[in-house]
Amino acid sequence: MKISKIFAAILLCLLVIAATSAYLAGRSRDAQEAAAIQEGTDVSGNSEDFAETEGGAEGEGDINAPETSAQEAAETEQTEEYGGELPIGDRVKVKGIYVTGNMAGTSNMDNLISLVDRTELNTMVIDIKNDEGRVVYQMDSPMVSELGSAQKLVADMPALVKKCREHGIYLIGRIVAFKDPFLAENRPELALHNQDGSVFRDKSGLAWVNPYSREVWEYLMEIAAQAVAVGFDEIQFDYIRFSTDRGMSKVDFGPEAAGRDKEGTITEFTAYAAQSLHQLGVPVSADVYGIIIDSELDASIVGQDYYEMAKYLDYISPMVYPSHYGPGNLGLAVPDAQPYETIYRSMGASREVLAGMRKDANGQQVSGNDASAGGEAAGGVSADGEAGDASGNGIDGNEVPANGNAGNAVSANEIPADEKPGDGTSGNEISGNEILSPRDMEPAEEIRADVRPWLQDFTASWVPGHIKYGPEEIRAQIQAVYDAGYEEWILWNASNRYTEGGLLPAEEAETAGTTETAQAPGNAETAAGPAAENPAD
């Protein structure tokens, strides 16, 4: 009996010891897991079960792991090289108008929003950084703040963006690139300099920044990124070129220009901007002179290679205003008086160049119309940039004088029957016995950009033989874009006074195709309002 009691006591002690050990082991396991979670490490034990549940059958995850890593590495490399691909389905078929920062910050902006609501328009190109180098709203940018370049023309940009979105408006932020007198004056080391060390100034006395400067590029990207952050759908660069005024042959571009030419530099900036902004998920566009489409000489002077830039941009916007072409250009006596033919032929040239069918139509520069010479025609630029601008226009970028009132009758907006395609003037190319229309010319595989031209909604009263631009002239240009096989366009008017009569009503636009000629409605005219007549920029 005594022995039995002793045995029972021993057994009880063993049970207590076992229970205590199990309890302590459990506590240790909890602590280990807690520590592992805090450190972000794996916990040994049933990790196989976890792998099977989350990653498929046991061992399958290990087999797939190298393939996944290789795929991710390839995608990362592609993103780093090209800045990422944007889904084609997300692209909007733009029918737009330009809006100054001054206009965007006034109540008259509501008139333009109403115009979009009533018509086929769906897009606004709004200044972010204007021709003066001023950012039009207070943005959260250290570089802008340090420089003091913000000018509060738009008091509440997020609210404006929100309002435009409520009306279904696609927003493009316009950033003037290398014509930036504010940056050049406040950071003279970034400005263009003459060989004697003085700051280069154009014919208007304005300083330009150096397109070779990487610091200038970074400044532009910071502004662009802030515009994207506030809600803009796309970034568009204007003045993405070199100045073409007298004296450029004497400019010292500095050590950053060593071994580089103008066209290569602008193309390099285009690729850099596209890569940077694609990573933010937005498309990139740029404005170029229409005359550089097929003139290698003009392209070399301004630094814009149409074909090469189109390899990186999502959209390229040639400024093919009829008033920009001088007498005889495109085979037309007065291009400004023939809006349909001018746009159709220039877009035909675009088709040919981007298809790789021709790089230089005539081997020489194209002369234009000088708005600052009292209506007298001016020649093109000499090879060293010594006369006028690239077109001889005296018009920089999208800067167009206010509308004139005088005008003549509208020319017939059709190609003359006796004009033979393939003569270098119609934009068509003869292949054997086959005559190709612009619609038949597909862009080369390496071309990324869609073409979205700027069209003229103003009267160029300084051009000899000009006509008054009204509803018929606006519609003729739009139809020429469609007939050349393109689908998008933007209207320019420096005062933001647009001709509603040249636009389709919203309800009609929903059913109208882009290949059928649409008759221009009435002679209605839309103005943004009295304050829009003389915008500061």
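How many aromatic pairs does the rule give? The count comes to 14 aromatic pairs, where rings of Phe, Tyr and Trp (its six-membered ring) pair if their centres lie within 6.5 Å; planes under 30 degrees apart count as stacked, over 60 as edge-to-face and the rest as tilted.

This is a predicted model, in which local features need pLDDT of at least 70 and side-chain atom pairs count only at pLDDT 80 or more, while totals for chains, interfaces and linings use all residues. Residues are numbered from 1 along each chain as its sequence is written, and side-chain values use heavy atoms, with hydrogens and water left out.

**Aromatic pairs**

Select Tyr98 and Trp454. Their ring centres are 6.5 Å apart and their planes stand at 75°, so the pair is edge-to-face. Tyr98 belongs to strand β1 (residues 95-99) and Trp454 to strand β14, so that the pair links distant parts of the chain, 356 residues apart. Helices (H or I, at least four residues) and strands (E, at least two) are DSSP runs, numbered from the N terminus. Tyr98 counts as buried at 1% relative accessibility, and Trp454 does so at 0%; buried means under 20% relative accessible area, exposed over 50%, partly exposed in between (1.4 Å probe, protein chains only).

Next, select Phe242 and Phe253. This pair is edge-to-face because the planes meet at 90°, with the centres 5.5 Å apart. Phe242 lies in the loop between β5 (234-238) and β6 (251-252), and Phe253 in the loop between β6 and α10 (262-278), so the pair ties together parts that are 11 residues apart in sequence. Phe242 is buried, at 0%, and Phe253 also counts as buried, at 15%.

**Charges over rings**

A charge sits over a ring if NZ of Lys or CZ of Arg is within 6 Å of the ring centre and within 35 degrees of the ring normal. Then move to Tyr486, where the charged end of Arg351 sits over the ring, 4.5 Å from its centre.

**Strand β5**

Select β5. Strand β3 (residues 170-176) runs parallel to β5 and is joined to it by 5 bridges; two strands pair if DSSP finds at least two bridges between them. Ile172 has Glu234 of β5 as its bridge partner. Strand β7 (residues 284-289) also pairs with β5 in the parallel sense, over 3 bridges, and Ile235 stands opposite Val284 there.

**The largest nonpolar core**

Which residues touch the most other members of the largest nonpolar core? They are Met109, Met124, Phe178, Phe237 and Phe269, in a core of 127 residues. Such a core is a set of buried Ala, Val, Leu, Ile, Met, Phe, Trp, Tyr and Cys residues joined through side-chain atoms within 4.5 Å. Phe178, Trp217, Phe237, Phe269 and Tyr272 form one aromatic cluster. Centre the view on Phe178: leaving aside neighbours within four places in sequence, its contacts (heavy atoms within 4.5 Å) include Trp208, Trp217, Tyr239, Arg241 and Phe269.
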